[in-house]
Amino acid sequence: MFSYEFMRNAFAAGTIIAIICGIMGVFVIARNMSFLTHTLSEIGFSGAAFGVFAGWAPLNGMLLFTVVSSVIVGQLSARSERREAATSAISALFIGLGILFLSLANKNASYATSILFGSVIGISASDVQQMLWLSILVLIVVFIIYRFLKFDSFDHTGARVKGLWTNTLSITFLVLVALSVSVAAQIVGSLLIFILLTLPAATAKYFAHTVGGMMILAVGLALLGVWAGLTLSYVTNYPVSFFIAAIEAVFYFLALGWQKVQTAE
Amino acid sequence: MTEPAILKLENLGVTFPNHPVFTDLNLTIHQGEFWSIVGKNGVGKTTLMRAILHQLRPTTGKVAYLPDGGSLKIGYVPQFRNIDSDYPLTIKDFVGLNLTGWKWPWLSRKEHAEIDHILAETGLTKLAKRPIGQASGGERQKAYLAQALVESPNLLILDESTASLDPVTKTELLDLVIELNQRLHLTVLFVTHDIPMARKYSSQYLMLTPAGAEQGPISGLTQEKVWEGEKNV
């Protein structure tokens with residue numbers, strides 16, 4: 001399997017994605033932002049389609065759209081009561097735009113499928129390098145603002161009364177999610193990004209009770225899913241995102257079952 | 001009063017659009033005092049706390065931390081927290097959230113010791129590893145209190161933090177607060193509707209009414225006076 005360069009690249013990219021998604025996912029779950037993450041992935045699809053239309057690399061289109069829109073979404077959804085409605089409206093608009101850009105770019109349905117559901121074959125060494133730099137950037141920012149982000153994510157009330165700059169933190173975090181979405185979309189596709197950004201962390205929440213512990217477990221579960229998914233995809237020739245989705249979902253349902261047994265005791 | 005003043009409200013007034021919340025409020029709080037802030041809902045108790053926390057700019061007057069221009073470390077225990085039974089963090093981790101600043105992501109040995117110390121002070125040592133989502137109402141309030149205390153504040157604000165507790169747990173929590181107040185000279189502002197509790201624990205009171213504010217030694221506060229003040233528009 002590793003004699004093929006594309007598989008080596010896919011494993012390198014998958015490892016980067018699993019690490020970034022495991023870490024960011026813990027904050028996504030703590031901030032109840034699964035739905036918003038899903039929206040950002042749809043915006044990512046639109047951005048990638050725009051990239052193709054404009055003759056750029058899809059990743060650059062994704063970065064542009066997700067980063068700009070994360071700031072707008074952050075401003076629009078500052079009030080939690082309108083968050084869902086604002087997010088749905090933006091999501092609908094961007095899916096429509098994505099379809100329009102693909103049509104304008106004269107690309108066929110299979111191209112759309114690869115943006116939406118990801119692909120292991122198309123990842124080059126330079127893609128891996130770009131993903132690595134973006135991930136390092138995300139990790140450095142998280143490292144710097146870690147304590148503030150942790151406080152605001154896990155106890156928003158406490159952070160607000162302490163006078164932490166919670167709005168700035170919220171927008172900074174959305175931009176970081178946007179970058180992570182763009183990175184992760186390379187393998188799992190823009191529609192399934194929220195699998196890696198939410199399920200491993202949501203599973204970890206039932207077993208680990210410290211932020212650090214949740215991160216380690218979420219990264220571990222994401223790595224397991226990505227590596228196993230890539231291997232199974234290579235062996236069976238079925239889509240990698242199917243395997244990753246199935247593995248992460250099984251972990252999550254097992255965790256839910258375990259939690260139910262624990263509370264019943 | 002031999003203890004120094006730490007907080008002074010001078011002609012303080014807050015007006016929301018077309019609606020004055022309170023006006024011309026003057027109050028001096030000395031270190032180690034235990035004040036109860038009483039008054040009916042909507043009279044501006046939480047607004048006053050936000051002004052004291054410098055989270056809200058007063059319309060008139062000022063909130064001064066003394067000595068003038070100095071800084072005051074305030075621990076604040078709010079009434080509500082969004083913590084459900086799924087909430088994953090342990091009580092110790094939750095308390096440690098308040099240790100912020102431009103530091104390493106992980107806690108230092110000194111910070112761990114600070115948390116352990118405050119957990120011991122609040123009687124939570126044995127519960128340190130319990131997920132806070134699985135703790136009882138009283139244990140959670142103690143954890144909120146411990147989180148507010150972990151940075152060693154000079155002033156502790158309890159903003160109706162005991163409102164949802166049963167009488168026994170409420171007494172337990174306030175016994176703990178008064179013990180810290182007396183032993184460490186921690187100044188306390190206790191925002192409450194519970195007049196018997198206010199009389200039991202406080203040294204002074206501030207009553208906000210639609211017609212103005214009244215203050216004095218706690219012996220002057222009675223339930224009848226509060227009812228009278230609430231009617232007095």
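Trainee: Where does helix H1 (residues 45-52) of chain B lie, and at about how many degrees does it run to E6(B)?

Mentor: Helices (H or I, at least four residues) and strands (E, at least two) are DSSP runs, numbered from the N terminus, and axes are lines fitted to C-alpha atoms, for helices over the stretch in contact, with angles running from 0 to 180 degrees between N-to-C directions. Two residues are in contact if their C-beta atoms, placed from the backbone, lie within 7 Å. Here H1 of chain B lies across strand E3 (34-38), E6, E7 and strand E8 (204-209) of chain B, and runs at about 155 degrees to E6(B). Please keep in mind that this is a predicted model, in which local features need pLDDT of at least 70 and side-chain atom pairs count only at pLDDT 80 or more, while totals for chains, interfaces and linings use all residues. Residues are numbered from 1 along each chain as its sequence is written, and chains are lettered from A and ligands numbered from 1 in the order in which they are written.

Trainee: In what order do the 6 strands of the open sheet in chain B stand?

Mentor: Two strands pair if DSSP finds at least two bridges between them. In chain B the order is E5-E6-E7-E3-E8-E9, with mixed pairing. Strand E5 (74-77) and strand E9 (212-217) of chain B are at the edges with a single partner strand each, so one side of each has no neighbour in the sheet. From one strand to the next, the twist averages 15 degrees.

Trainee: How many bridges join strand E6 to strand E7 of chain B?

Mentor: There are 5 bridges between E6 (residues 155-159) and E7 (residues 187-191) of chain B, and the two strands run parallel; B:Leu158 stands opposite B:Phe190 in E7(B).

Trainee: How many residues of helix H9 of chain A are buried?

Mentor: A residue is buried if 20 or more other C-beta atoms lie within 10 Å of its own, exposed if 12 or fewer, and partly exposed in between, with C-beta atoms placed from the backbone. In H9(A), 12 of its 12 residues are buried, including A:Phe194 and A:Pro200.

Trainee: How many residues does each chain give to the contact?

Mentor: Chain A gives 21 residues and chain B gives 21 residues. On the side of chain A that touches chain B, H6(A) gives the most, with 7 residues.

Trainee: How many Å separate the centres of domain 1 and domain 2 of chain B?

Mentor: Domain bounds come from an automatic or database domain assignment, which for chain B gives domain 1 (1-72 + 154-166 + 186-233) and domain 2 (83-153). Their centres, taken over C-alpha atoms, are separated by 27 Å.
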